[in-house]
Amino acid sequence: DERGRRVFDLLARDGRRDFRGDGRLTRTAGFNGDFLGPTLRAKRGEEVVVNVVNRLTEETNVHWHGMHLPARMDGGPHQLVRPGATWSPTWRVDQPAATLWYHPHPHGRTEEHVYRGLAGMFILDDDREAALPLPRRYGVDDIPVIVQDRSFSRSGQFRKTRNMISSIGVLGDTLLVNGTVAPYLDVRTERVRLRLLNGSTARTYDFGFADDRAFALIATDGGLLDRTARLHRVRLSPGERAEIVVDVRPGERTTLRSFPPDLGADALSRRFAGGVDRFDVLQLRAASTLADAPPVPDALVPPDRLDPAAAATTRSFVLSGRTINDRSMDMGRIDAAVTRGSTEIWEVVNRDGTPHNFHVHDVQFQVLSVDGGAPPPELSGWKDTIFLPPHRPVRLIMQFTDHSDPDMPYMFHCHLLWHEDAGMMGQFVVV
Ligand code: C2O
Ligand code: CU
Ligand code: CU
């Protein structure tokens, strides 16, 4: 409305969808529809109200992954919505343009709810992004690409069986992009921006193009990079995002793929963690004449680095088994209290032989180092989730600018949802 308020309705409900066109209806769940949910969009400075209506037969909730907001609005495990009830969190958008997302977060049930289809994209805009010559016509040259893997039973139901040897969770053999099997995109402009979201519960992808063409990486989880990175591949573990811009030529077809990702694991666990799998993700079909598009600039936003010398506290997080620092999630225990306004360094390491990742609520962080070295371009910007190959410590720096609440925690956890549900999560308050 004219006061700069955005009001959204998200109705969680059961659904059915014929994913493969063979008449078999898969039981699903979605927001406002049968599978996934609408893309929500708001601009920096606007106030957001979301009316979350639970039409499921069990409790659920909605977490705004990547959003900086008060803990009571965060949609973590403490903000459950009973069947039939409505929850209406509200907050002011106070962070740069970015590709965020939303999904349920009921403790112990997150994997199940996301797997059934409860997730969606949340795009944030700001003036700085709007001033750059980037593709931004939603659905025309600016495309959400939510990538998820599923398997289907004979009767067409999602088959959520874990390989006995796999310790990372359910890996599907079929990819869905925005809920579509074997998708293609008609491209009518010389350049197209893809907002890649790994919305899978366990699988890590290494995105690139079938012909190995370079693309421009312009943004990561929390928004635009300082400088465009020209890459051939970008690896995304569950929950991570990347915005890429790819050039196409008139009349051509090219395919976005996922190549076998380097999981940093030994051969056996690599195989059972999806490290040898490849998929076609999305075919791009260019029209015979394409509308002009300006080249992607090298400089995007002014560098804005958090200063390690300003960090008052360094914390250490060791992930192993289904624990963080040998502790399993306890909703009644606060694992860390951080001071409002403070900058902290978090050192995080995976002590297992198989992959994990690490996600922090409320803040976007910067990566100071990966295994003691400088971070690669895809880890040079704002992040809220980072892949953790075995035994390679990362140092993260983050600032807790506001929103103190001693009574309501935010979460940090592994975003492999089976692990998260099994207790690989902890709670922090900002005081
Ligand atoms: Cu995307 Cu705590 O989650
Ligand atoms: Cu989150
Ligand atoms: Cu994990």
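Which strands form the open sheet of five strands, and in what order? The order is S13-S21-S20-S15-S18, and the pairing is mixed. This is a predicted model, in which local features need pLDDT of at least 70, side-chain atom pairs count only at pLDDT 80 or more, and totals for chains, interfaces and linings use all residues. Residues are numbered from 1 along each chain as its sequence is written, and chains are lettered from A and ligands numbered from 1 in the order in which they are written.

**Domains**

- The protein chain is divided into domain 1 (5-128), domain 2 (142-291) and domain 3 (308-430), with bounds that come from an automatic or database domain assignment.
- The centres of domain 1 and domain 3, taken over C-alpha atoms, are separated by 23 Å.
- Contact (C-beta atoms, placed from the backbone, within 7 Å) links 16 residues of domain 1 with 16 residues of domain 3.
- The side of domain 1 that touches domain 3 has five nonpolar, seven polar and four charged residues. Here Ala, Val, Leu, Ile, Met, Phe, Trp, Tyr, Cys and Pro count as nonpolar, Asp, Glu, Lys and Arg as charged, and the others, Gly among them, as polar.

**Record annotation**

- An unreviewed UniProt entry lists residues 26-127 and 307-431 under "domain: Plastocyanin-like"; such annotations may be inferred rather than shown by experiment, and the positions are given in the numbering used here, with feature names shortened.
- Residues 26-127 are 8% helix and 37% strand, with end C-alpha atoms 42 Å apart. Helices (H or I, at least four residues) and strands (E, at least two) are DSSP runs, numbered from the N terminus.
- Residues 307-431 are 4% helix and 43% strand, and their end C-alpha atoms lie 21 Å apart.

- Strand S15 (residues 205-209) and strand S20 (residues 253-259) run antiparallel and are joined by four bridges. Gly 208 stands opposite Arg 257 in S20.

**Four-stranded sheet**

- Another open sheet has the order S3-S9-S8-S5, with mixed pairing. Its edge strands are S3 (40-43) and S5 (63-65).
- S3 pairs with strand S9 (residues 120-125) in the parallel sense over four bridges, and Lys 43 stands opposite Asp 125 in S9.
- S8 and S9 pair antiparallel over five bridges, with Ala 98 opposite Leu 124 in S9.
- S5 runs antiparallel to S8 and is joined to S8 by three bridges; His 63 stands opposite His 103 in S8.
- In strand S8 (residues 98-103), six of six residues are buried (20 or more other C-beta atoms within 10 Å; exposed means 12 or fewer, partly exposed in between, with C-beta atoms placed from the backbone).
- Ala 98, Leu 100 and Tyr 102 lie on one side of S8, and Thr 99, Trp 101 and His 103 on the other.

**Positive phi**

- Most residues other than glycine have a negative phi.
- Asp 212 has a positive phi near 65°, and its place is in the loop between S15 and strand S16 (215-220). Asp 212 is exposed, with 10 other C-beta atoms within 10 Å.
- Asp 326 has a positive phi near 65° and is located in the loop between strand S23 (323-324) and strand S24 (336-338). Asp 326 is exposed, with 8 other C-beta atoms within 10 Å.

Note on methods:
Pairing = 2+ DSSP bridges. Contact = placed C-beta atoms within 7 Å.
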